[in-house]
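Trainee: I have a new model on screen and would like to walk through it with you. Could we take it step by step?

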Amino acid sequence: MKFPGMRRSTPDAPPPETAEEAPHVGVAQRAAGSIRRHVPLPSAEEIRRAALDAPTVRENLLPAMPGPQVADDALVLRVLDLALRIGEVQLVTGAGAAVAHDTMLAVAGAYGLPTCDVDIAFSTITMCCHRGLEAGPVTTMRNVRYRTQDYTRLATVDALIKDIVDQDVPITSTQAFERLAEAVDAKHPYPRYVAGLARSAFASAVAVLIGGGLGVALVTFVLTAVIWGMARWLGRRDVPTFFQQVFGAMVVTLTALALAYSGALLDSPAFVVAAGIIVLLTGLSLVGLVQDAITGFPLTAAGRAVEVVIATAGLLVGVVVSIKIAAAIGGPSALSYALVIPQDLTPQPDARSLIAAAAAGVFFALSAYAPWLSLPLAGLGGAAAWAIFAVSFDHGLGQVVASSLAAGVLGLIAMVLPRRVGTPPLVLVVAGIAPLLPGLTLYTGFSQLATDGTGATGTGNTIATGSVTILLALTVSLGLAAGVSFGEQVGWPVAKAQRRSLPAASRARRPRIF
């Protein structure tokens, strides 16, 4: 009987030869023989000599190759852990996923591991080293559990990256671990209260920049100190960011409306609330969000987008609830103060505005623990961004285009900035665009939603109008981030041309800078 797929037995056929007499020749063996005939493989002695002559082997790792000599698990894990920790510091301080990705690959390549893969998914970093056919791949992972703004630490880690990837022979992995540990565990360059006072001064400068007077600046200074101290107190008790934003917005809005209702604040309370909103928005990674979306990291961009939306929703809830409380307690007269929003606030590149913008840049950099030498550059960035924004707006480009243009120029300058200046590019970028955040536009939309078309001013605000105003504010914010990313893309070829003076190996490994 014959079954499908089986040969018919033939008793008279000779028995098959044994394996010793006729070894089976498979596809892999035939392919190997073909390759050997056309591309002679190096001998074991040639591989050993190439490994000993490699420039990065002396005190670090053997290069990864598919021959009999591969880096062992302990050494590979050491380099992968170093690269992961460096990438984690970059993500924590607001850099884009593409920056951390390129940096980690550059660090691994400098230590002799050129065949690595990196995957970044918002709060998770995974890195794998492939070691050819003679050993299995090694994979490790880290979680990014917090976000912060500490530009001194970022500058220290960037100097470490330069000593690894910009040299023909990088520093040893042991030295790199020691320097990284010192950078992460080091104390802030100045006391915490100095950073707190600088953040309050930043809010006051922004209040003056958007049209407020001396009284608004003073009230904003005090309220910023209160809400920042409250945010720290809530953060130590693991209160989610959403509720921190709600409480912060409520403190600012209720206090500003109460002062205006009592007559202690002569200017519009909208200036105070808008400055407070800008302060609460500066901690968000808007630049990193857009960069991740543009450079091919959609999961990380989606995670950052959720963070931004939740934080903005917290501000919305805090402002709307505060306006409702004020209307319930003080009646229509109290509600009318919430709706007093100046409309004719065309930005001007005059001396007063430029000084306020420069002060905002300096104080923001100081609040983010930027190195002392970078403070003047941050001030220049703030003044330059405001001047470009004001001139562009005056020529009819509109708020969105004018903001994006100012951010694009800052991004381009940050890319071509000489590395020997020692200033993290993020200091210039974030300090420059922070005063351009649309705090007043956001408050306008929030107040329109709070009134539901029943405002005492009779302007007939509706939910649709408020939604459109909030969408405009979000568009301005995304335009700022997109402008920075566009400036980076334009300046990247210029930055590559500047690296021609570096050694040949480091020119190929140097990653992007922000």
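Mentor: Gladly. One term to begin with: helices here are DSSP runs of H or I with at least four residues, numbered from the N terminus. Keep in mind also that this is a predicted model.

Trainee: Then which residue just after helix 7 takes a positive phi, and of about how many degrees?
Mentor: Look at the position that comes just after helix 7. The residue there is Gly211, and its phi is positive, at about 125 degrees.

Trainee: What span should helix 7 have, and how far apart are its end C-alpha atoms?
Mentor: Helix 7 covers residues 192–209, which makes 18 residues. At 1.5 Å a residue the helix should span 26 Å, and this agrees with the distance between its end C-alpha atoms, 26 Å.

Trainee: How many residues of helix 7 are buried?
Mentor: Buried means under 20% relative accessible area. Helix 7 is mostly covered, and of its 18 residues the number buried is 13.

Trainee: What is the average pLDDT of the chain, and where is it below 50?
Mentor: The chain averages 75, and 77% of the residues score at least 70. One stretch below 50 has five contacts in the model beyond near neighbours in sequence: residues 1–42. Another stretch stays under 50 and has 11 contacts beyond four places in sequence: residues 454–461.

Trainee: Which residues does Val272 contact, leaving aside neighbours within four places in sequence?
Mentor: Val272 is one of the core residues that touch the most other members. Its contacts beyond four places are Val216, Val219, Thr220, Leu223, Val252, Ala256 and Leu265.

Trainee: How many disulfides are there, and how far is the sulfur of Cys116 from the nearest cysteine sulfur?
Mentor: A disulfide needs two cysteine sulfur atoms within 2.5 Å, and the count comes to zero. Cys128 is 7.0 Å from the closest cysteine sulfur, that of Cys129, which is too far for a bond. Cys116 is in no disulfide either, and its nearest cysteine sulfur, again that of Cys129, is at 4.1 Å.

Trainee: Is Asp238 buried or exposed?
Mentor: Asp238 sits in the loop between helix 8 and helix 9, with a positive phi near 60 degrees although it is not glycine. Most residues other than glycine have a negative phi. The cut-off for exposed is over 50%, so at 69% relative accessibility Asp238 counts as exposed.

Trainee: And Tyr369, buried or exposed?
Mentor: Tyr369 is also not a glycine, and its phi is positive at about 55 degrees. Its place is the loop between helix 14 and helix 15. Its relative accessibility is 6%, so Tyr369 counts as buried.

Trainee: Last one: which residues does Ala473 touch, not counting those up to four places away in sequence?
Mentor: Ala473 lies in helix 19 and is buried, with a relative accessible area of 1%. Its C-alpha is 8.7 Å from that of Leu440, which is 33 residues away in sequence. The residues it touches are Pro438, Thr441 and Leu442.

Technical notes
Residues are numbered from 1 along each chain as its sequence is written. This is a predicted model: local features need pLDDT of at least 70, side-chain atom pairs count only at pLDDT 80 or more; totals for chains, interfaces and linings use all residues. Side-chain values use heavy atoms; hydrogens and water are left out. A nonpolar core is a set of buried Ala, Val, Leu, Ile, Met, Phe, Trp, Tyr and Cys residues joined through side-chain atoms within 4.5 Å. Buried means under 20% relative accessible area, exposed over 50%, partly exposed in between (1.4 Å probe, protein chains only). Contact means heavy atoms within 4.5 Å. Helices (H or I, at least four residues) and strands (E, at least two) are DSSP runs, numbered from the N terminus. The expected span of a helix is 1.5 Å times one less than its number of residues. pLDDT is the predictor's confidence in each residue, from 0 to 100.
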